[in-house]
Amino acid sequence: MSAFRLRHLATTLVLSGGLALGCAWAEPTGQRVGTFKQIEGEVWLVRDGVRAPVRSGDPVTEAGRIQTGPGGAASVILKDGTVLTAGPETVMDLSRFQYDSTTQEGNFLLDLLQGSVRVVTGLLAKVNPERFKVQTPTSVVGVRGTDFIVEANPPIEPLHVYLRKHYKDHSRLRR
């Protein structure tokens, strides 16, 4: 192999290694368990004490805190088809989400610290309803239905009123 080709190959390897490292730094820690689908107003994802704004298409990972501002709302779709819609002034932690698409086994625990969330359950709750829970500061909700709203220290405007006013296309909230 000529010296020119050897240098060209070495340069290519160094540059591609740097690009791969840059991509690894940009990716959030943890495995992607869902995707932000619709964002309105101010919505942040908090990881390791760092709050970053999110956009539609951004990944959702287990143990991530989702926070919305006074006029904010977010719709998240998880890998099993579960849809979470957070209302204004909501703080929630996706504490546990494990899902095996082959066996449809797993666990789900959402900690709703403040605000409101609408949950349209996916395959995990249909197959294992006892492993699908929503927790608030004062209670734990065991899921037996497929579409419900949970509020913790609710804001002035309840989520169902906010959804009717601000979401024009209700089909986007489902899937």
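# Rings, core and a polar contact

Reader: What is the relative accessible area of Phe108?
Author: Phe108 counts as buried, where buried means under 20% relative accessible area, exposed over 50% and partly exposed in between, for a 1.4 Å probe and protein chains only. The model is predicted, so local features need pLDDT of at least 70 and side-chain atom pairs count only at pLDDT 80 or more, while totals for chains, interfaces and linings use all residues. Residues are numbered from 1 along each chain as its sequence is written, and side-chain values use heavy atoms, with hydrogens and water left out. For Phe108 the relative accessible area is 1%.

Reader: Which residues have the most contacts inside the largest nonpolar core?
Author: A nonpolar core is a set of buried Ala, Val, Leu, Ile, Met, Phe, Trp, Tyr and Cys residues joined through side-chain atoms within 4.5 Å. The largest one has 29 residues, and those with the most contacts inside it are Phe36, Leu84 and Phe108.

Reader: Which strand supplies the largest share of this core?
Author: Strands are DSSP runs (E, at least two residues), numbered from the N terminus. The largest share, five residues, comes from residues 105-120, that is, from strand β9.

Reader: How many aromatic pairs are there?
Author: Rings of Phe, Tyr and Trp (its six-membered ring) pair if their centres lie within 6.5 Å, with planes under 30 degrees apart counted as stacked, over 60 as edge-to-face and the rest as tilted. By this rule the number of pairs is three.

Reader: What is the angle between the planes of Phe97 and Tyr99?
Author: The two rings form a tilted pair, 6.4 Å centre to centre, and both Phe97 and Tyr99 are buried. The angle between their planes is 35°.

Reader: What is the centre-to-centre distance between Phe108 and Phe132?
Author: These rings form a stacked pair with 10° between the planes, and Phe132 is buried at 0% relative accessibility. The pair links distant parts of the chain, Phe108 in strand β9 and Phe132 in strand β10 (residues 132-135), 24 residues apart. The centres are separated by 4.0 Å.

Reader: With which side chain does that of Gln135 make a polar contact?
Author: Gln135 lies in strand β10 and is partly exposed, with a relative accessible area of 30%. A polar contact is a pair of N or O atoms within 3.5 Å; within protein, one must be able to donate a hydrogen and the other to accept it, and residues adjacent in sequence count only if both atoms are side-chain atoms. At 3.0 Å, the partner of Gln135 is Asp111.

Conventions:
Helices (H or I, at least four residues) and strands (E, at least two) are DSSP runs, numbered from the N terminus.
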